[in-house]
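Please look over the structure below before reading the notes.

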Amino acid sequence: MTNVVAIENVHKTYHLGDERIRALRGVSLEVERGQFVAIMGASGSGKTTLLHLTGGLDLPDDGSVLVNRYAGDTDDVTIIETHNITTMSDRERTLFRRRRLGIVFQAFNLMPNLTALENVMLPHLIEGRSAADARHRADELIAMVHLEHRTKHRPANLSGGEQQRVAIARSLMNEPVLILADEPTGNLDPTSSMEIWQLLQRLAHETKTTVLMVTHEAAAAARADRVHILKEGRFTGIIESQGPPDEALVTTRYAELAN
Ligand SMILES: Nc1ncnc2c1ncn2[C@@H]1O[C@H](COP(=O)(O)OP(=O)(O)OP(=O)(O)O)[C@@H](O)[C@H]1O
Ligand SMILES: [Mg+2]
């Protein structure tokens, strides 16, 4: 087994005044190294909650969340680090996120006063690494997301798709074991969205950077290796990719599993 993510029977209830909201009711999920996995479900089904628990942004009431790091970037299956999210201190969780995860949001979350290149460099600089190192790696990643012609632009002067490519490049600076993406194309047009899905797929399959993506869009989910359907805090089924992206299959199966 080469699981990067191993989530077992997590429960999460939010308390808001007198109200109890059972966001997750016993969810288990394993994601293997280099897999591109999508989570779909209606609004309020618990998708973001699950992503937050995976990234240690929040803690489950019950159950366990493990994230494993493997040696090398090829077929070496030696685990060199196991992060047990539920037993870490707050400080350890913060460092874990900063050093081991790539997090991509719908809203891009770039620093408005920094250029594209500076935004990508930032994770290295926060870690106290040299500007020269940061620059070197950022240049590589900017090239990977095809933004060499936009390095000096600030976010306001980039298209939505370009901003998200900057955010993805930034998320890769520290060579994350896992990318967590919450509706990464929610603000993008179809062409830009397609580029982002292809980029995430390439990251997973070519660089073995495991990707867990929440999405509403069947076209997005169809590009994943596997889609887990969440309904009212529980998984109701899985759609396995049968080869080339099949949006119609995802739409049909989703309708069966989510309603
Ligand atoms: N901090 C919070 N306090 C109280 N309730 C919350 C909190 N965060 C989420 N919830 C509730 O938990 C449930 C699951 O929320 P979550 O954000 O995980 O849904 P989601 O599947 O990501 O939805 P969407 O597709 O709209 O983003 C919802 O009913 C939501 O209202
Ligand atoms: Mg959400």
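α1 is mostly covered, with 6 of its 8 residues buried (20 or more other C-beta atoms within 10 Å of the residue's own, C-beta atoms being placed from the backbone; 12 or fewer is exposed, and in between is partly exposed). This is a predicted model, in which local features need pLDDT of at least 70 and side-chain atom pairs count only at pLDDT 80 or more, while totals for chains, interfaces and linings use all residues. Residues are numbered from 1 along each chain as its sequence is written, and chains are lettered from A and ligands numbered from 1 in the order in which they are written.

**Helix α1**

- The buried residues of α1 are Lys47, Thr49, Leu50, Leu51, Leu53 and Thr54.
- Helices (H or I, at least four residues) and strands (E, at least two) are DSSP runs, numbered from the N terminus.
- α1 lies across β1, β2 and β4, and runs at about 120 degrees to β1. Contact is taken as C-beta atoms, placed from the backbone, within 7 Å; axes are lines fitted to C-alpha atoms, for helices over the stretch in contact, and angles run from 0 to 180 degrees between N-to-C directions.

**Ligand 1**

- The shell around ligand 1 draws at least two residues from each of β1 (3-16), β2 (19-32) and α1 (47-54).
- α1 gives the largest share of that shell, 3 residues.
- Among the residues around ligand 1 are Tyr14, Ile21, Lys47 and Thr48 (near meaning a C-beta atom, placed from the backbone, within 6 Å).

**The sheet**

- Four strands form an open sheet in the order β2-β1-β4-β5, with antiparallel pairing; a pair needs at least two DSSP bridges between the strands.
- β2 and β5 (79-84) are at the edges with a single partner strand each, so one side of each has no neighbour in the sheet.
- From one strand to the next, the twist averages 20 degrees.
- β1 and β4 (residues 62-70) run antiparallel and are joined by 5 bridges. Val5 stands opposite Val67 in β4.

**Glu81**

- Glu81 is part of strand β5.
- Glu81 counts as exposed because it has 12 C-beta neighbours inside 10 Å.
- Between Glu81 and Asn68 there are 13 residues of separation in sequence and 5.7 Å in space, C-alpha to C-alpha.

Notes:
Two residues are in contact if their C-beta atoms, placed from the backbone, lie within 7 Å.
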